[in-house]
Amino acid sequence: MAAPRWNPATRGIEAAPAEFCHKVMNQNQDPFKLSLSNFLAAGESNDPLQAPPNFTKWVRESAWARTLYEPELLATADARTTINYDGKQHSVINLCSYNYLGLANHPEVIAAAHEALKTHGLGACGAPILSGMTDLHRELERRVAKFLGREDAMLFNSGFGGALGTISGLLRKLDVAILDNRSHLSLRDGAVLSRCRTEKFEHNDPASLDTALTRQQGRRQLVIMEGIYSMDGDFGNLRELIGVAESHGASAFVDEAHSMLACGDNGRGAAEKFGVEDRIPLVYGTFSKAFGALGGFVAGSSETLEYLRFYAHPYVYSCALPPVVVAAALKALEIGMRQPELRTQLWENADYFHARLRGLGIDTGSSTTYVMPIVIGERERMYRLGHELRQRGLWVAPVDYPAVPLNRVCFRACVTAKHTRADLDEALNILEDTLVAATLQNA
Ligand SMILES: Cc1ncc(COP(=O)(O)O)c(C=O)c1O
């Protein structure tokens, strides 16, 4: 029976037959021969509510790797924080957080949340369309719309739901969604939910987009891309891709989850940075990254949003954001607008860290932003190094296949405005000792 093989065309392992998983698990073979992609086939158990037994066995046998995931944070998502590691409190330099501007634990943000808790209580206690809308929600809608120069904005209780709800709420069965092949799952799931046709184009490649658009002529087409790609940390090639979309009469949608408030002179994201705001009818972003809070939003024309308010299921059929979170996001927006120096600091830190990583010969792929993969390219080694880094006090996230191609498994490091030079230098020293020294020893 053949082992699953790496398929360069799909950038994935070909699905392993259930017998292969069985053989690996029952002959105590290397659990790194399997990945999450191998447990999607139906049929291993008769009950769909039961995990496949081979999955459970695999997870148990890979517990050593599994323990690097879902770490418990014991304090705020600050540049230095405390996590639970190996059953003990452990101080770490935090390169794992989307708290890009340090607003999640900013005293003014916390004070605003406290105040809202007193005035509005904890939960919104209803979907926005029926009962969950408060004056704070309305105020945040207005402020986001004004900040982005749009007529209106609407809020979602998660960024994921916002992307999924916007795409599925606007696309219809006869439409085509044309997605960059590194698109976030919220976008892909939104397209699947709309039942429209989906196409992919090669990451950031205008020629590949052109081919995909040509193949799907005669339908309404939506080109979907991202401001900053959350795994690769590179910018979307917005100017060129939007140009190609326009030449086909297609619309363009940009997910600004990782770029909103942290990018562009005024914080209006990658579209501002690349001067394409007036070519994008809708702006989508999240409050979970640079805002340091939770939730998503979309801003655009009143007509489109009025329509979307009735057709985006995660908006219509799900509880609104807690007012306490809305108040925090309002304050975060205010600080992000009045303190552009936070963005300057973030980018200085990112540039500094990038340059030093490159100096150490560490592969950061195509990243040019504060999100940086540290490519290891070999799964077992990544998990071994992951433990070593954590023991030495550096917290980075392992990113395994199928989230990234098998030969690009990596740690993802996110630099923030709150990291001091001392934090970054110490992180670099740990990386040098762990990654570079180990490579030299093995050479
Ligand atoms: C590109 C992108 N879009 C959407 C989301 C979903 O955002 P949230 O975590 O706020 O649900 C993420 C999450 O990381 C993301 O990276």
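**Aromatic rings, ligand shell and backbone**

Analyst: Phenylalanine 297 is buried, with a relative accessible area of 1%, and this value comes from a predicted model.

User: How is the ring pair of phenylalanine 287 and phenylalanine 297 classed, as stacked, tilted or edge-to-face?

Analyst: A search of the whole structure gives 17 aromatic pairs. In the pair of phenylalanine 287 and phenylalanine 297, the ring centres are 5.0 Å apart and the planes stand at 40°. Planes under 30 degrees apart would count as stacked and planes over 60 as edge-to-face, so this pair is tilted.

User: How many residues apart in sequence are the parts that this pair ties together?

Analyst: Both phenylalanine 287 and phenylalanine 297 are buried. Phenylalanine 287 belongs to the loop between strand E11 (283–286) and strand E12 (296–300), whereas phenylalanine 297 belongs to strand E12 itself. The pair therefore ties together parts whose separation in sequence is 10 residues.

User: Which class does the pair of phenylalanine 291 and phenylalanine 297 fall into?

Analyst: Phenylalanine 291 is buried, with a relative accessible area of 2%. Its ring centre lies 6.4 Å from that of phenylalanine 297, and the two planes are at 65°. Because planes over 60 degrees apart fall in that class, the pair is edge-to-face.

User: Over which ring does the charged end of arginine 172 sit?

Analyst: Two contacts of a charge with a ring can be described here. Lysine 273 lies over the face of phenylalanine 274, at 5.7 Å from the ring centre, and Phe274 also belongs to an aromatic cluster with Tyr98, Tyr100, Phe235, Trp347 and Tyr370. The charged end of arginine 172, at 5.5 Å from the ring centre, sits over the ring of tyrosine 311.

User: How many of the residues in the shell around the ligand are charged?

Analyst: Of the 14 residues around the ligand, Phe160, Asp255, His258, Ser288 and Lys289 come nearest. Helix H7 (159–170) and E11 each supply at least two residues of this shell. The shell divides into 4 nonpolar and 7 polar residues, and the number that are charged is 3.

User: Is leucine 261 buried or exposed?

Analyst: Most residues other than glycine have a negative phi. Leucine 261 has a positive phi of about 75° although it is not a glycine, and its place is the loop between strand E10 (251–255) and helix H11 (269–273). At 0% relative accessibility, leucine 261 counts as buried.

User: What is the relative accessible area of glutamate 70?

Analyst: Glutamate 70, which is not a glycine, has a positive phi of about 50°. This residue is found in the loop between helix H3 (63–66) and strand E3 (72–73). Glutamate 70 is exposed, and its relative accessible area is 65%.

User: Is the peptide bond from tyrosine 401 to proline 402 cis or trans?

Analyst: Most peptide bonds are trans. Proline 402 lies in the loop between strand E15 (397–399) and strand E16 (410–414). With omega near 10°, the bond from tyrosine 401 to proline 402 is cis.

Conventions
Residues numbered from 1 in each chain as written. Predicted model: local features only at pLDDT ≥ 70, side-chain atom pairs only at ≥ 80, totals over all residues. Heavy atoms only, no water. Phe/Tyr/Trp six-rings, centres within 6.5 Å; stacked < 30°, edge-to-face > 60°. Helix = DSSP H or I, 4+ residues; strand = E, 2+ residues; numbered from the N terminus. Buried < 20%, exposed > 50% of the residue type's maximum accessible area, 1.4 Å probe, protein only. Lys NZ or Arg CZ within 6 Å of the ring centre and 35° of its normal. Near = heavy atom within 4 Å. Nonpolar A, V, L, I, M, F, W, Y, C, P; charged D, E, K, R; others polar.
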